[in-house]
Amino acid sequence: MARTGLKSSKVLKEFAIKKRTQLWQYLNTSVDFFLRSVGLRSTKEILPGATSSAAANLELVENETFVLGGVAYKKYVFHSWMVLSGANVYVQDMGLINVSQGFMLITDQSTNIVADDTAGVGGFTNGAIANSGTLLEDSGLSTTIPATVAYVNQDNTLTGQDDNYMYLIVGQTGGVPSVDCEAYVKIEFVVEQAANVEFIQF
Amino acid sequence: MAEEKVKLEAVDYSATMTAPTRIQTLEADVKIEAKYKNEPEFTVVSDTAMAKGAVKSEAGQWEKVPEGKELEERRVTITPKNIAWYKSRTSVKSIKAGPGDYMGEPGEKFPLEGKEKRTLNVRKAALQDSIDAKKNKFAASAKEA
């Protein structure tokens, strides 16, 4: 019998540890797979486009569908994070969502706009994007000023009804040199169950 | 030239739809209007309910232009009707006559989805144009205010 250099008890102990590790890895992978597949765990990578698109991510919301009027819909969630600085009007592209069939119907829009107000009331403002109700930082002075316009724009009139160009439009035309903010865009939308959805960034 | 145009229009419009489209589940009313030379208003020449995939005709042929008239502009209005809230997304396409302008040919599809192949570059150009247009519109509305 060949000698391993290890005592039999030590071999058994190492074997047990190895099996236990394998079992743990197996369970961990299975649990992770299960949680991800039911939508309870996700890791979203928010990446910018190659040239102009703001960092964004689009994902199907698993296991959540709607049926209305005999038509089945599935849900997607779209995130885009960005810093807008140095201008007083922004038309920031967030990419294009192509829906092969039917329309892209936005059912929820919960974008947060953050502005530096450290020289004003203090700290940072966090508010919903709401046109003239949106606070922006005034000219890098760390005080805030209301926007003239601020909203999420879905435009499917450019290269086909199925191409939904997504923009964040923010502007202040009260004579200030510039306005700044951070934007955390979150949109949920539904498309027909049979539609293919493609996310294109520029 | 006018004669040639009339000749091109002298075909029957076919409402038989077979080709799949990008809005396959949609049922819509499709109204086609024509504006003839020396007439101030559009004339409704076809107003048809169409079933699934109805935005393109099988032959893509337009209505016959009445004798003695010359077509100046054609307008196609698609009003979705089978799903209630799609109704707010009525699509209107207008095609004007003139040198080099597209007026439709026998066998050609309605250009409702755009004739240009949508490559990334085409979309990128459209994106840039639209960003500029949106900024200009915003600037113009701010001046008015």
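## Strand pairing around S2(A)

In this predicted model, A:Trp81 has A:Tyr184 of S11(A) as its bridge partner. The two strands involved, S2(A) and S11(A), the latter covering residues 179-192 of chain A, pair in the antiparallel sense over 13 bridges.

S2(A) also pairs with S1(A). Strand S1 (residues 55-68) and strand S2 (residues 71-87) of chain A are antiparallel and share eleven bridges. S1(A) and S2(A) form a hairpin with two residues between them. A:Gly69, in the turn, has a positive phi of about 60°.

## Overall make-up of chain A

Chain A contains one helix and twelve strands. Among contacts in chain A between residues at least 6 apart in sequence, 62% join residues at least 24 apart.

## The helix of chain A

Helix H1(A) covers residues 8-37, and its 30 residues should span 44 Å at 1.5 Å a residue. The C-alpha atoms at its ends are 43 Å apart, which agrees with that expectation. The number of buried residues among the 30 of H1(A) is zero, so the helix lies largely in the open. After H1(A) comes A:Gly39, with a positive phi near 80°.

## The four-stranded sheet

Four strands of chain A form an open sheet in the order S9-S10-S3-S12, with antiparallel pairing. Its edges are S9 (149-155) and S12 (197-200) of chain A, each of which pairs on one side only. On average, neighbouring strands in this sheet are turned by 20° against each other, direction ignored. S3(A) and S12(A) run antiparallel and are joined by four bridges. One residue of this pairing is A:Val99, whose bridge partner in S12(A) is A:Val197.

A:Asp163 lies in strand S10 of chain A, which covers residues 163-171. This aspartate counts as buried because 22 C-beta neighbours lie inside 10 Å of A:Asp163, against a cut-off of 20 or more. A:Asp163 and A:Asn98 are 65 residues apart in sequence, yet their C-alpha atoms are 4.6 Å apart in space.

Helix H2(B) lies across S3, S9, S10 and S12 of chain A. Its direction is at about 140° to that of S3(A). The model as a whole scores ipTM 0.76 and pTM 0.63.

## Nonpolar cores

The largest nonpolar core has 41 residues, of which A:Leu168, A:Val170 and A:Cys181 touch the most other members. Elements that each supply at least two residues of this core include S1, S2, S3, S10 and S11 of chain A, together with H2 of chain B. The largest share, eight residues, comes from S11(A).

Leaving aside residues up to four places away in sequence, A:Cys181 touches A:Leu84, A:Ile113, A:Val114, A:Ala115, A:Leu136, A:Glu137 and A:Val170. Another core, of five residues, lies apart from the largest one. Among its members are B:Ala28, B:Ile32, B:Val76 and B:Ile78.

## Chain B: make-up and confidence

Chain B has two helices and four strands, arranged from the N terminus as α-β-β-β-β-α. Of its 145 residues, 14% are buried. Among contacts in chain B between residues at least 6 apart in sequence, 68% join residues at least 24 apart.

The average pLDDT of chain B is 62, and 43% of the residues score at least 70. Confidence in this chain is lowest in helix H1(B), residues 2-9, with a mean of 36. Helix H2(B), residues 120-144, has the highest confidence in the chain, at 85. Residues 84-88 of chain B have a pLDDT below 50, and this stretch makes six contacts in the model beyond near neighbours in sequence. The pLDDT is also below 50 over residues 105-116 of chain B, where the corresponding number of contacts is 24.

Technical notes: Residues are numbered from 1 along each chain as its sequence is written. Chains are lettered from A and ligands numbered from 1 in the order in which they are written. This is a predicted model: local features need pLDDT of at least 70, side-chain atom pairs count only at pLDDT 80 or more; totals for chains, interfaces and linings use all residues. A residue is buried if 20 or more other C-beta atoms lie within 10 Å of its own, exposed if 12 or fewer, and partly exposed in between; C-beta atoms are placed from the backbone. Two strands pair if DSSP finds at least two bridges between them. Two residues are in contact if their C-beta atoms, placed from the backbone, lie within 7 Å. pLDDT is the predictor's confidence in each residue, from 0 to 100. The expected span of a helix is 1.5 Å times one less than its number of residues. A nonpolar core is a set of buried Ala, Val, Leu, Ile, Met, Phe, Trp, Tyr and Cys residues joined through C-beta atoms within 7 Å. Axes are lines fitted to C-alpha atoms, for helices over the stretch in contact, and angles run from 0 to 180 degrees between N-to-C directions.
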